[in-house]
Every structure is written in structure tokens, then in C-alpha cells.
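I opened this notebook to record what I looked up about side-chain packing, charge pairs and aromatic rings. The entries follow the order in which I took up each topic.

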Amino acid sequence: MATSGNTNSNDRQQQGRFFNRRLRRASFISPLTGERSKRVFTLREASHRLNGDVDHERTPLLGQDGHGSAAASEDGPTKWSVAKEAILQHCYSAYDFATSKTGLGIFKCSLAYLLGSLATFVPAISGLIGDRQDSKHMVATVTVWFHPARSIGSMHEATVLAIIALCYSGFVSFTSMGISMFFGQRDLLFVGHVIVLIVFIGGGLGVVAWVKQYFGHPLVNVACSLASLGCITILIKEGAVQAGAFSDDRVAQVLLMVIMGVIATTAVNVLVLPTTARESLVKDLEKNTDLLGEMLISITRAFLSGREVDLTDAYYKKLTKEHQMSLTAMCKDLGEAKREHLVLGNERLYAAEEKLVECLTGLSQDLGGLRSAAFAQFAFMNEDVTGTASDAPSQSGGQGKSLPKILDVITEAPEENGEPANGDLTNGDPHALTTTINPERRQSIETPASVQSPADMFLAFLAQLGPPTKSLVYTMKQILDELPFEQRLTPRQDWIPWAGLKVKVAVNENFHTSLHSAIDLYRQSRKDALHNLYVNRALNASAASQQAGKTSGFSSQRSPMSGFSSPGARPPSARTASTTEQPQSAEVIADIEEVSACCGHFSFSLLDFAEDLLTYLKILDELKGAIEHRKRTWTWMLPWPRKDGVSDTDQREIGRRGTFHGEDEAHDASHGILSHIQRADAFAGGEQSHRQWPLFYRIYRLFRIFRRDDIRFAIKVGLGALLYALPAFIASSRPFFVHWRGEWGLVSYMAVCSMTVGASNTTSINRFIGTFIGACLAIIAWIIASDHGDANPWLLGFFGWLVSLGCFYLIIAKNNGPMGRFILLTFNLGALYSYSLSVRDDDNDDDEGGFDPAIWDIVMHRLVAVVVGCLWAIVITRFIWPISARRKLKDRLCVLWLRMSLVWKRDPLAMFLLGEPRSSYMDIREESSLQTFLSNIESLRKAAKSEYELRGPFPDKIIGRILERTGRMLDAFHAMNVVISKNLQYTPGEAAVLRYTRPERFELSARISHLFSVLASSVKLEYPLNDVLPSIDHTRDRLLGKISEFRRSGEGRDLTSEQDYELLYAYVLVTGQLSQDIQVVSAEIQTLFGVLDEEKLKLQ
């Protein structure tokens, strides 16, 4: 019997909370025809992915053709058949990978490397560089950093950055030689060397390190590598600077080799299997639109059925991950497509695509509102179930209700063939379901006759608004399935092969009218449903105030609030008699208002999604017009700004930042405002004028730039480069430096140096391993291809091409750039350099065998140089102004929480009544910068794992969970920001309800701000949290009670409509989510610092 009970419980969890409740059947508007369809439908059938999973599950195990048994004998498969099947499977997988975007990118990179190595193997090409130059392998090295596995738009940017890098290295080289020659002619060569070391090596390479760190962009990193390679080769290796001579041929040779590598890569990128960012953007738009529809179906089904598992299972997590990756790729491809469009003169086309991406981002934000409402419902119902179950034993005789009706699930109306809407299979005739429904089950299809609890209010709302919600979502999903593009039967040809358009906009003229009709129907149904919900809520509130002292199952689950509550937070006049004398009824009223917030916010967010989908259709119309009536323009090349230079995005931002217009708030700005809010504004804008600062403080502020980590990083990298290059400028040590190829050690040093110690450790380990592997491969290649110094260039080139395939696989497919690049770098320094010596590229290299290269000596010199450069980078980053990733992560996490605390120090909704905050630190609209800051902290977490300390390993898992919860908090900030941005100019009804609830909101925001500062202090001091912390839930309940009080007797309630509560609904849900996330983070901090560290508390 116990097993049976567990099985039934598991079935209940799988079916959802509303199993015995059924939605009324609903019709929908067909977007293709605009007609209203009467047939029965389900949301599941609108999802292609869910239907595909069902079809896959119903597919016979041995195949559809009935020949599956032929693959195996009666005794089972033989070893040969199993091996054959495994080999075929691996062959298919290899072919799929080779023809994928990643596989083709690896092939293109290896082809570019092969072309670069021709500068060493082909005499006609190597002759262009010059005879006395044994570093022709630099052309192949450039193709390793500057690889062609990117879109044409990205290649445009990379080429521009490479040109800038070449100009910079040329400027540094020519200027340093000129200064050295100037002082050499006056017998002051030592002074010239000092200036070159300090200004051009220390300062020049320091600037390269600063640019690399400041921008943090992969293409900028490539350009910095090219610039440092050119500068180091000319300033250190060639010897003209040390001799005080001006050798333009040496500079020209180095720059020519870099240019040849760039040209080879660009040619492969454009001519061999070109990839355009515009095509990638089209695919991203299609995928993102499809994922929006699938997530909309999943969230709506979860909300209507009460199935929390629908938003927590592997299927939905996969959807969310794919959608996030799609958003990231879409924004990236949009930036690359911009350059392609501008080069082709498609400025109008790009403007439309930019609006399209922005609109899809807005639709994703609307989904976030729907998802938060669904999770709020789940959290509330989980508390409700827990409380009711705990009260069940106290019911007399067990005759009462054992569980509330909310535990049962509302299912969709059955299909015409008798299949339930949720996809559950039944055996029987089409009328089996309807004929077997008992009277209570049949009655539950309609609105409950009596609403006795907040749980029943959910049922009442879903019974009223469930069918029209289902209809609107079904219509929108069908529209999203058709959008945004479809293939052209005959692609347009253009004057550039890769400039043609292969798709056209798939907008039907009926989409607009159909969606307008569906929105109007839903808006009216929502109005009626919310009206009935308010009536039921009023009845419940009245009953709760009359039944004081009774213990009800739907409110007893709330445990006593820990912490403290301020009895004077609200004036006595603001409290009703029932809430003062009977706390139980206050909790009931809070529950009722929380139901209203969940239901109302879900309906508002769904309507916002539908209206934004209309905007999506309008933008697609603009894009269609731009494609069909295309006019090429290149106004971006004009030296003067365009008259229409302010884009729509800028105008929206200006409006968003503008003043808030209120009709009667000028005289009420300071009346009734809590003192801590006034102090917050004074705190943000109370900075003294510059003239009142003391002199020493002005000096301190003047030099604050040198306290920045990026400036310190640039200074210490430049200092390390100066010290490393110093032996090359001393006559007694230069032969030793040149013999061991110290210049390549300096190149390795510049590549390894990173901001934090952990990042340098990670890069150094990969480069150590890569250098060793590259040295071994160079020796093997030379032994195979050479015969006493006479090497076979064809065999050596083919072997190098095979090595490049593996290296570019590491760089592109495995995202391990340092190891892959240094394998090829060391291979070039060994094998290709040896071939240059063997063909008599005489450059005073007799110390390494001359015409008969000593491969072991060559590889050993390069290996030692690279290893020494890596070790020198670790020494500099560890002992000169060390920047610990662990410390930096802790400090930045504290700063992030303090910034979040400042946002809530001044209530985010206060801007509607008090205007914008005096400081951007207290503006919730700055949440995007906080999101970027959190991404930077995530990168520090990866670096911190590679920092080794005696006190123990880095707690990566705990920090990961804390950062994940912090990200969820910022998502809540973002949801609040979206709602505020859509309601900048409030209505009289919104002003009335905001003014009425102002004290409670200010108290709630102060509580949240306080908790954020407590979290920051605990992490900063590495001290455990107090056992008792202030509770957000209690203050939030008072706000919910005040909203209910406003509905009954508040001043200005006649001016309000259900739309005017949207801001407060979002506010309530956001604060509830913040409460849960802060509790989880507090528990993680307790785990992290739960043991007292006596060393930190000694009085010394």
C-alpha cells in the first residue's frame, strides 16, 4: 500500500496541481486567414518540438519498416557487426563535423597556414622578402594568430586592426632607430639606448598591454600580438637599433612578412567557402523566433496546469540555454553584419535588422515577466500545500478537506479523437473522457461557485482567463512559426557572389489583423476575469476581517518572521482595526493580494508580449520594404555627421532618461517622505565642491589614475619587458642573448602576461605544454623530411599542414588558443627555420649549424627562450603589484552588492513621485552595467581556480552558486527596469496608488538595501552572518495589505483601473524573488565562513 501511495503521489507531481480541473474549450483566430476557428486544439500540438518528442517516443524500437530484426541474428549481434556499426557511426560523425561550420573553419585555417608556409618553401615567394632573412616563417606564424575562421564582416574589422598594428609597429621601429642614430652620431649611443629601452620598449610594449587589457576583445588581442611581434623583431633581433644605424630594409622585410600573412588569411577567408555574418544573422533570427514560440508554449502550459516541472525539467533548461546562446550569437553577428552592410551600401537594411534584434530582445524580456509570474504561483502554492498538510492532522475526525482543491490539476480540453490535451494517452472511444467525468469534475470546468481561499482564487482566474489565454498563445505561436524568413525560389544575384539574398521576409497581410483581433478578444476577456477576481478578493478580504482568530489552512503555513519589525514604520492611522487586532487576517489579505499580483502580472506580461509581437511584424514590414526597394548608400563615409544622426534607439534612450511628468507632484515632493529617502538623495549628491577640497586631497585625486589596475598592469608589463630586453643592449651580453634567441622569449612574455596571477598561471601552463609538443613535432618532421641538411619541402609542408589541422582544432573547436598557437609557433621556430638555414638564407646563423642545421640545438634554443619568457611573465605578475583573482573577485562581488544596495536605498518606484535620483548609482536603469560587471566577475572566477594558496583550494562550487543567484537577482532588477521603462509617464490612478503605498514601499526597499549591505560586509570581512537577520517577507506582507486597503477605502481608488496596478504587481513579484535569493546566498555565505577564524579577531 505504501508503494501504491508513493506512485499516486509521483503521478500527481507529474500531472500537476490542477488535475481534477479542466479548462473550458476555446476557439482561436487563424493568423493565415483571419477567421475564427471552432475546432478543439491544445497548446501541445502547437509545439513542433513537443510533438517531435512524442512521435519519437511512439516510434517502434526496431524501426518503421519492420526489418529491424534482420540486423541481428537469433543469438544476438556478432562482434563484427558491432565493430562495423561503431566504425560507420564514427565515420558519419567525422563527416558531419568536417562539413560543419567549425570543421570548415579548421580547414580554412590550415589552408591559410599552408599558404603562409609557402613563403619559406617556394623560392619565388621567399625571394620577395630577401635573401638575408632567416625569419620567413613569420608569415606562417601570422596566419596562426590572424586566422580566417571568421565571417567576412569580422575579417573587415580584423584587417583594419591589423593595419593599425602594422602602423604602430612601424612607427615605433622607425622612431627608435632614428633616435638611436641621432645620439650615435654624437657619441651618445648609451643615451639613445636608454631612451629606446624606457620609451619604446617599456612604454611601447606597455601601451600594447594596456590596449589588450582595456578592450578585452579577441580581435584586439590578435592585433596586439602582431604589433608586439613586429616591434620586438625589429628592436631586439635585427640589431640596427643597437648599432645606431637606420636600416629601413630590415623594417620593410618584417612589415612585408606580416602583410603577406594578413593577405593570405584574408584571401582564404573571402575566396574559400566564405561565411557571411548576414547569413548567420538570418539563421539566428529564425532560431530565436522559433525558441520564443516554444518557450511561450512551455511557460503558458506550466502556468495553466500548475506543473512546476515544466519549467525545471531538462527540456525547458535546454530551451533556455539555446535561447541564451541564440541571443548572444545574434548580437555578435549583428555587429559583424553591420560592417558587411556598410561596405555593400545597405544602410537601410542594417537599420531594420538592428530594430529587429532589439525587438526580439524585448520579446525575451516579456517572457521573463511571464516566467516570474509562473514561479511566483508555484512558490505560493508550495507554501499553501505545506501549510495545509501541516494542519491536516488537527482537523476533527478527518472529515474536513484533507487537501485544498488547488492540488488538483487543470487540464486542457480533450482532442476530438479523445486524446487529452497534455498528451496523455487513453484507450477507448472519443467520448470516453466526457462520459466518465463525474458531476464534480464536470462542474470544475466552469468557474468555482464559491471562493473560499486564495487557492480557489487561482482556480477562478484560470477558469475565466485560461481559455482566452490559450487561444491568444496558440495564435501567436502560429504566427511565430511562419516568421521571419522563407527561402527564395530563385536567389537574387548581385555584383558580389556572397552579397546576394537567399531569403525573403515571410509576412502575411493577414497577420496584423488576425493578431489585432486576438489581442482585442484577450483584452476584453482579461478585463472580465480580473473584475471577477477583484470581486472574489473583496469577498475574501471582508470575510478575513470578520473571521478574526480563526486558523485557516491557506494562511497557517507562514512561519513567524525572524528578525525585527519596526512598529513605527507605518502611522497608526494607516492600519485598519482588523489588521491591528488580528494578525491572522492580515496574512490572509496578503495572500489574496499575492494571488492578484501573480495573475495580474501574468496577464499584463502576456499582453505586452502580444503588443511587442505586433511591433515585430511592423519591423518585418520595414525590412521587407528595404529589401525590395533597396538603394545603396555610403553616407557613413562622409566626414560630416548626417542630419538624421539620432537613431530611434537614441531617441528612446533620451525619452527614457527624461523628466517624469506629474500633474500634482511638485508640491508633494517632500511631504510625507521618510527621512532615510531624503538622506539617500543627500548622500548621492552631497559631494563638496572642488574648491573646498584640501590641497593634499586634490593631489591624491589627481593621481588616482595610477591606482587603476589596468594602468598598473601596463606599467609592470612595460617594466618587465624593459628588464628582459636589457641584455640585448649590453655589448657583453648581447651575443649570449642572440644565441639563445631571447627575442622569442620576449614574444612569449607579452603573450603570457595577464591581469591576474591566476590567468597568467593558466596561460603559462598551456604554453609550456604547447611548446614541448611543438618542439617534439618539429624534430620528428625534420628527421623525416631531411637527409643531412637537404630537406624535402613537399614532405615538410604536408607534415606542417597535418600539424596545423590538430592545432586549429584546439584553437577553434576546443577554444584552447594558447596551447594550439604555441604548438605551431614552436614548430615554425624549429622546422621552418631549419629549412631556411638549409637553403642558404644566410643571416649569421652559423652557431646553429648553418647550411646543415642542427635541429636539436635549434629546438633547444627556442624551447629555452619560450620557457624563460613564460617564467619571467609569472615572476612579473606575481611579485610586482600582484593582482590576485581571488581578492579581486571578493572585492568586486562586494562592490556589486553595494551597488545593488544603493539601488534599493532609494525605492526604484520613487522616481515616479520624486523624479530621477541625483546619482546614477541609485538608478535601477543602470542594471545593464551591473550585468556586465557580473560577467567580469565570472571571468575572475575562472582565473581564481588557477591560483594556489596554502590556506586551501578556491571554493569554486560555492562561489559559482552565489554568482548564479546574484545573476537571478539582476534578472529581477532587469524585469523591474523593463516595467518602469514602459510606464515612464504615469496615469492619475498609478500616482494615487503609488502615493498611498509610499511608506510601505520605502520601508521594504530599505530592508532589501540593508540585507545587500550585510552580505557585502560579511564577504569583505570573511565573517559569518548573524543568526537573526531582518525579514523581507513581513514587510512585503504589510505592503500587500496596504494595497488591499487602498482598493477598499483608499483615496483616489476611483481613478484606478487594473492596468494601474501593473507597476506594483511587478514590484511585489521582484521583491519576493529577491527575498528568496538573498536567503539562499546567506546560506551559502554561512557555509563559506561558518567556522570562526580566530586570526582575524585577535586584538593586536
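Entry on charge pairs. I began with K1042, which forms a salt bridge with E1000, the closest N and O atoms being 3.3 Å apart; I counted as a salt bridge a side-chain nitrogen of Lys or Arg within 4 Å of a carboxyl oxygen of Asp or Glu. K1042 lies in helix α38 (residues 1032-1049) and E1000 in helix α37 (residues 998-1021), so this pair ties together parts that are 42 residues apart in sequence. Helices here are DSSP runs of H or I with at least four residues, numbered from the N terminus. I noted that both K1042 and E1000 are buried, where buried means under 20% relative accessible area, exposed over 50% and partly exposed in between, with a 1.4 Å probe and protein chains only.

Entry on the source. The model is predicted, and I kept in mind that local features need pLDDT of at least 70, that side-chain atom pairs count only at pLDDT 80 or more, and that totals for chains, interfaces and linings use all residues. Residues are numbered from 1 along each chain as its sequence is written, and side-chain values use heavy atoms, with hydrogens and water left out.

R961 is partly exposed at 37% relative accessible area, whereas E1084 counts as buried at 13%. D710 and R708 also meet in a salt bridge, 2.6 Å from N to O; D710 is buried at 11% relative accessible area, while R708 is partly exposed at 36%. I also noted a network of salt bridges that links R49, D290 and E322.

Entry on aromatic rings. Which rings pair with W904? I took rings of Phe, Tyr and Trp (its six-membered ring) as paired if their centres lie within 6.5 Å, with planes under 30 degrees apart counted as stacked, over 60 as edge-to-face and the rest as tilted. The structure holds 21 aromatic pairs. W904 and F973 form an edge-to-face pair, 6.0 Å centre to centre with 70 degrees between the planes, and it joins helix α32 (residues 885-905), which holds W904, to helix α35, which holds F973, 69 residues apart. The rings of W904 and Y1067 have centres 5.8 Å apart and planes at 50 degrees, so that pair is tilted. Since W904 lies in helix α32 and Y1067 in helix α39, the pair ties together parts 163 residues apart in sequence. W904 and F973 are buried, and Y1067 is buried as well. Elsewhere I found F604, Y996, F1046, Y1061 and Y1065 linked into a cluster by ring pairs.

Entry on the core. The largest nonpolar core has 86 residues, of which M476, Y616 and L623 touch the most other members; such a core is a set of buried Ala, Val, Leu, Ile, Met, Phe, Trp, Tyr and Cys residues joined through side-chain atoms within 4.5 Å. Helix α21 (residues 583-628) gives the most to this core, with 19 residues. Apart from it I recorded another core of 70 residues, among them V196, A227, I236 and V866.

Terms used. Helix = DSSP H or I, 4+ residues; strand = E, 2+ residues; numbered from the N terminus.
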